[in-house]
Amino acid sequence: MKLEVLPWIILFLPLLAATVITLFTLRCRTTSALISIGAIVTGFILTIAFIGANGFHPAVSETAVNWLSIGGLQIDFGLKLDALSLMMLLIVTGVGGAIHIYSFGYMHEDKGMARFFAFMSLFTFSMLGVVLANNFLMMFIFWELVGVSSYLLIGFWFEKPSAGDAAKKAFITNRLGDFGFLLGILAVWAFLGSLNFSALQDRIIEHKNSANTIGFFLTRFPLGDFSFDMNMTIIGLLLFCGAVGKSAQFPLHVWLPDAMEGPTPVSALIHAATMVAAGVYMLCRVLFLLNADALHVIAYIGGFTALLAALIAVQQNDIKRILAYSTLSQLGYMVMAVGLSGPTPAMFHLTTHAFFKALLFLGAGSVIHGLHEEQDIWKMGGLKKKMPVTFWTFIIGTLALSGVPPFSGFYSKDSILAQALNTKNYLLFAVAVFVAALTTFYMFRLFFVAFLGEARTEKAKHAHESPKVMTLPLIALAVFAVIGGFIGITNNYGSQFFVEHEPLSVAQQALEPLHNIFPMLLGISAVAVGLFAAFTLYKNAATDPLPAKLGGLATAMKNRFYFDELYEATVIRAHDFIAAVADWIDRWIIEGACIGLVRGGTDLTGRALRLAQTGNLQTYAFLFVLGVALLLYFVLGK
Amino acid sequence: MSILTYIAGWPLLAALALIVVPRNYRVIIRAIAVLATFISAVLAVKMFAQFVPGANGFQFEQQIPWVESLGISYHVGVDGLNVGLILMGAIVAFAAALCSWEIQTREKEFYILLLVMTGGILGAFASLDLFFFYFLHELALVPTFIMIGVWGRGEKKNYATFQITLYLSIGALIALIGLIALYLQSGANTFDIPKIIEHAKTNPLAVNAQNFIFPLLLFGFGILVSLWPFHSWAPLGYGVAPSPTAMLHAGVLKKFGLYGLIRIALPLLPQAAQSWAHVIAWLCVGNILYVGWVAMRQKDLNLLIGNSSVAHMGFIFLGIASLNLIGVTGAVLIMIAHGFLAALTFALSGYIYKQTGTLQISELGGLCRKLPFIGTALLMAAMAGCGLPGFANFVGEATVFFGAWKAFPWVTVLSLWGALVIGGIYMTRVIRNILHGPLPEKWNSISDASSTWRKLPYALLLASLLVFGFLPKLLTDKINPDAQKIVNMATAGKNADVVIAPRSSGRESAHYSLAENQSRLTPAATK
Amino acid sequence: MNASLISLEISVIGLGLVLMLADFFVPAERRRFIGYAAIAALGVLLVAGLSGNGSCSQFGTAFNGMFVNDALSLFFKRFFIVAAILVLFMAAEFSDRLAAGSIAEYYSLIVFALAGMLFAASSNDFTMLFVSIELITITFYVLVSFQRGKLQSLEAGVKYLILGALSSAFMVFGIALIWGTTGKLNFTELAAVAPQFADSKIFLLGVLFVLVGLGFKIAMFPFQIWAPDVYQGAPTPTTAFLAVGSKAAGFVLLLRVLFTAVPSVTHNWANLLIIISGITILYGNLCAIPQRNLKRLLGYSSIAHAGYLLLGVAALSASGQAAVLYYLAGYLFTVMAAFMVIALVLRHLATEDISGLAGLSQRSPLLAATMTIAMVSLAGIPPLAGFFGKFLLLKSVIETAQVTGNHGYYCLAFTALAGVIISLYYYFGVVRAIYWSKSATDLSPIELSAPAKVSIWVCIAGMFWLGLFPNMVLNFANEAAKVLGK
Amino acid sequence: MHVGLQHYLVVSFMLFSLGLLGVIMRRNLLVIYMSLELMLNAANLALVSFSRFNNKLDGQVLVFFIITVAAAEVAVGLALIVALYRKRQSAHVEDLTSMKL
């Protein structure tokens, strides 16, 4: 069996699983679960096998079959196999696998478990598709599929109105992003004449090298007659819209927190580890298309999102929402890193984040599970004794997220800070550091309130540890959250982009941050500040002291700076208003006025005309003669 | 005898047979109808399989002189443009016949009318003779009228019935005048489309004649396809129609006008087509955006579906307007895809109506729990409706966008908004309000489609959508060569637009045509 | 001269006399069966006399050119005899509503009218034209007012009488003027000299007055005013015969006068014909919209159809004339079917309101289907006779528009289109009444006599035949139209 | 003075117009009917005079036809009017408006 076949199998196994479950095994829940888990775990094993066989840089970096060919529009169904995609493949199948297994325990009571796993497999399929796609349209297709499977999973408990609304919101918000994304794709195709990543990369390089750019254009840019750079900027920003949607960057960040309405494993898999990372992944994939101006915008958007989300997270009380906002802010980090033309740090952080954020979510899930669907941290407390495994794994996750050395988060975050400094972008560097402090602060707030101190409610008193099937994945992820930083993930990004790295040993990797000491120190001190603040404020605090201190700001944070209200008042209203107008026009102008007039007019004319039929012979004779006269006039009159 | 004659003939034959069947033999009547449509569906699949892509001229041809003195002949045949349409039509007809179980009164008349409608429209798509093209399509008018009138629902029934009938007749007659004028102007003295086209190649129609005929065809056919602003009949009519009728009409008959534009207007009236392209493009914004917004406001499921199907027509018009291979191919793709989709959605709404007795969105809710199968199908239909990949609609719409992007960038932007955002909004709203949320008490008694027979039509249509969504090459390979011919004639005299080299692996860099080189020497390009 | 040419007319008149005499010998209750004898006789005449090589179907002229037998007359003679046969069927069904025992008289009058029509079909001279028309008209005075018990019937009779006399007065005066100026009564001779008088006002006045007379018969604007009242008041079979027979007679004469006698004049009158035809179409259709009385409705629709037929006349081309003939052929079966259904359904109802059709689809599917088909054919929708006829008419008009470049013809085509749309509204209103009107009072099934069934099936067959296999009739019509060209 | 064709024609035109006026103005059916006969006779006069001055006989032949036809018409017409009078007890056109619109 040729090796290129493996990725195809990896890609299609989950789809197969989903199909089988939907068609045949919807009745038997356990079987379905096992099929789905089996599919993804096999995928993971095959991935390892593939990488083991021909490393992160396989000889055959692309395998494709033609999917659609209409004249100038040639679209392959193709897989791109390079370090970037293979790494992502590992994360998706690995972390995903862990979460699948975990959900088997978590969803055990739910009668819709079969459906759940069908959706999960569908999602895995789509996500793998995004990762492996070798051209824009393929990516967009799976991009959309990812969107819909997350829609399905958020709305999994569709009888809860809030779940339905959240799903709807997520879908539409993503669609807004995709609108830009698809426009960008169209522009790329029209402008550079291909959709295939490698071909596009060649075109760009060709342009960079070509002395004079005369006659470089395939077509004039449809939206206007701009310079090459201008066009590239527009294209870059349009493509970025897609990432803004999927990775929930400002201003389209509002859907992610609501998405927590879905089952916790979903939040872990989709809205922490993989799907939301798709945006970042895409940006790295198409980095060669993004010119300086575009990158600038991207960087600032990312930075702003990181800050905004961190601020909001400080005042949330729902354990999952806190994690959701922290996800937002971490995504901001990654996007910022890409914007600072540092894809390597971005992907690094993405990887580590996948581990510890999944871990945190699953921990939170285990807590919620243990407390019978209680999510408010102020109704918890003192869980340390009752759920030890969860406690220990959760603290590891917290430390990793806060970036405490030597946990994985420390390394990735540090590389981002370094990147910011190296690119001399001091403002963003400052923001990043500040956000680091905030992160530590809100995470430890959560930690102190939820796990330490006294149990605040009955539920908390009777909390119990979750079953093995749930705790084992926690432990597995915890291990990676600890060591993920220095087992040498960065090596493998080396040759992926235009910069060359020489491979590092684990030891070197562990000491990597010391190369530029300044950001490291700042990072660590930020962590210290945050930790201290959290400790002083929340060490066995019964209620949240912060609102008193911050006043208005706190309420603003609590209410997520009123973004939802804002959009509700503007975007939604606007559309509904226009729709109302259109409907009114349809009803009254087109239907009523135009058609009505024609109908009524005809009818009226008829009724008027037949008044001539008086029934009186005399009138008839008169009209007859009148008619003769008319004819006479017409024929002889002139 | 050509297989096409059988495909169109079986339903008509069955209709004749039904006349003699006593009206109380319900089962037999139903069996005959289903069987007839099934046979033509199978034959259609067979034909689709045997079709040789890119073969020269038409396939499965058959010609029988009808009125020599006028050059009218019964002439059927398929090329890439209508092979898919006929397949779609036959399958939808079969599904519609299966869905007709919901008709409980005067089945005999109903099935006769249904079969006449089916045979007529299949014949129209197969016909290569202007006269029969029109003639067979008009067969459906009276059945539509009576079906909606007798088996329709709702208090606006009469008004809607008359509006749809009159509207369709207006369109048809305007088109008829256009066709007659075309026949007379072409000078070929025959109604045979291939002959006329051949004749037009050597001596094309005078431009002023074209500019007189094209609008007739455009608006005549446009009305049949509910081109904005002549769309209001469609939602109204489909809102009250019994679901089999709505399925056939929205799914299959509506495509007639579009097919006519592509098959007749584009190749024979190229200059006019080029000068009218902008008008079409901007009118279709009316379809996509405006009608999309209208759909957002609908309180009745059928009205919403009707409006959304009107909106979808816009994409097809956009593809036609773009007048290039990609656009036209995309248009044909959507015609087929939307045929399946419209049929599916109306079938589902019909089922829901049968169960609940209402389609008021506000009254429904949480149906997913009681109707897992129907609910899932509706969800998938809605997703297909807002252009989700995996369903055939996405392929078509994406293709159209690629085709239209260069010709009408701003229109494309607006259409994208309509497709992705507005479509997304109202479709997700439907799902939220009908399938999701808590289930009202009163619907606890409703039951899901249980037997295989009941599930079959929905499954069939969904399967078709998915198959063509996953393997669009099945269609595009057939459509391409003939679409190319049409486009070549339609763009005659106008310098060919950008040719981007086909790239299989996508590695080799693109080359461009000479005409492009000039246009490239722009100040913007030189910096 | 060979009298064999008019043997057909003679035998028809003979038949009429025999029917009248039969009145004396046949007991009153059996008299309605005389009709079937008459039908048989006419059938024989049709087959023996007018079949391809029948004894009366050879061509030639008699009475030094007054009377001509050619393809055109042959077409119309067949047409008239078929019409008469169907009307007789209807009359037999209708007999119970006529004064006791007077049915045989009714039959004979129909046959006499038929004789008049046959003469009209081959009249090639103003004298013949006048006589044949008067024969038709005067017979119709009686036929219209035949239900002496009914005031409406009498009223219709009187209205028809006065206006008919008025129109014939005009016509006679016109003939006088024409003859006075040209000294010719024979069409073919007139055609030779007519161009010289193209600008003699007296002559034109004469032609115009003749046009008035004929326009009255075909109920064209502005002489359409009588049609609704007379159609409504007359006994149904009479109405049918009026709608088909006398209209067709008017058209054959119109064609002969316009295209054989004074073609030079006609070609100057293109616009006049366009306007007349357009207004006629609109008037008939518009007035019909609010109409509830079935027979009156058909009266208005017959005005509209006169307008459609005038399209072909206005086209001033052989294809147009052929279209007129074809359309008439289709119109024959369609109208006969409609009136047959009316006669049968409304038999026991006092009213002639559309609501009388309510629930017909349950009462008698056959009649319901027939009426629907008839309405659809009148509206001109495939696959029925009406469609192909309208198609030919439209084609001829657009053809002329393109040949002459006269945009009036395009306007005319669109007027016709508008007319068709409007007509759809009320025709389909009838269909609606049949299939889903709420006010279905009695659902007692209607039983049909065998002859009624036969005639209905004949009409249906005719409509479908002309809609689906137009070749034969169309070629025949083309043949006939050639006559006018030369 | 010499009486020419014109004079006859003028007279016949006048007769015709008188008849026409009668048809339009008079309310009584019988009178209307007489006026119609007047119109026919105007035509006759025209024909006769034409044939007199053109020295052709066809016109006079036609006149005979017309007279005969007129006679027949009168016979039917009067019968009708009488029958109507029996039913309606009036021969006025205003009373004949049971069918309208």
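A292(A) is found in helix α12 (residues 292-314) of chain A, a helix being a DSSP run of H or I with at least four residues, numbered from the N terminus. This is a predicted model, in which local features need pLDDT of at least 70, side-chain atom pairs count only at pLDDT 80 or more, and totals for chains, interfaces and linings use all residues. Residues are numbered from 1 along each chain as its sequence is written, while chains are lettered from A and ligands numbered from 1 in the order in which they are written.

Me: Why does A292(A) count as exposed?
Reply: A residue is buried if 20 or more other C-beta atoms, placed from the backbone, lie within 10 Å of its own, exposed if 12 or fewer, and partly exposed in between. A292(A) has 11 C-beta neighbours inside 10 Å, so A292(A) counts as exposed.

Me: How far is A292(A) from C594(A) in sequence and in space?
Reply: They are 302 residues apart in sequence, and their C-alpha atoms are 54 Å apart.

Me: What makes a set of residues a nonpolar core?
Reply: Its members are buried Ala, Val, Leu, Ile, Met, Phe, Trp, Tyr and Cys residues joined through C-beta atoms within 7 Å. The largest one here holds 711 residues, and I110(C) is among those that touch the most other members. Helix α14 (residues 318-345) of chain C gives the most to this core, with 22 residues.

Me: Which residues does I110(C) touch, not counting those up to four places away in sequence?
Reply: They are A84(C), V87(C), L88(C), A91(C), L143(C) and F241(C). Contact means that the two C-beta atoms lie within 7 Å.

Me: What makes up the side of chain D that touches chain C?
Reply: In this pairing, 33 residues of chain D are in contact with 31 residues of chain C. On the chain D side, α3(D) gives the most, with 16 residues. That side divides into 24 nonpolar, 4 polar and 5 charged residues; Ala, Val, Leu, Ile, Met, Phe, Trp, Tyr, Cys and Pro count as nonpolar, Asp, Glu, Lys and Arg as charged, and the others, Gly among them, as polar.

Note on methods:
Helix = DSSP H or I, 4+ residues; strand = E, 2+ residues; numbered from the N terminus.
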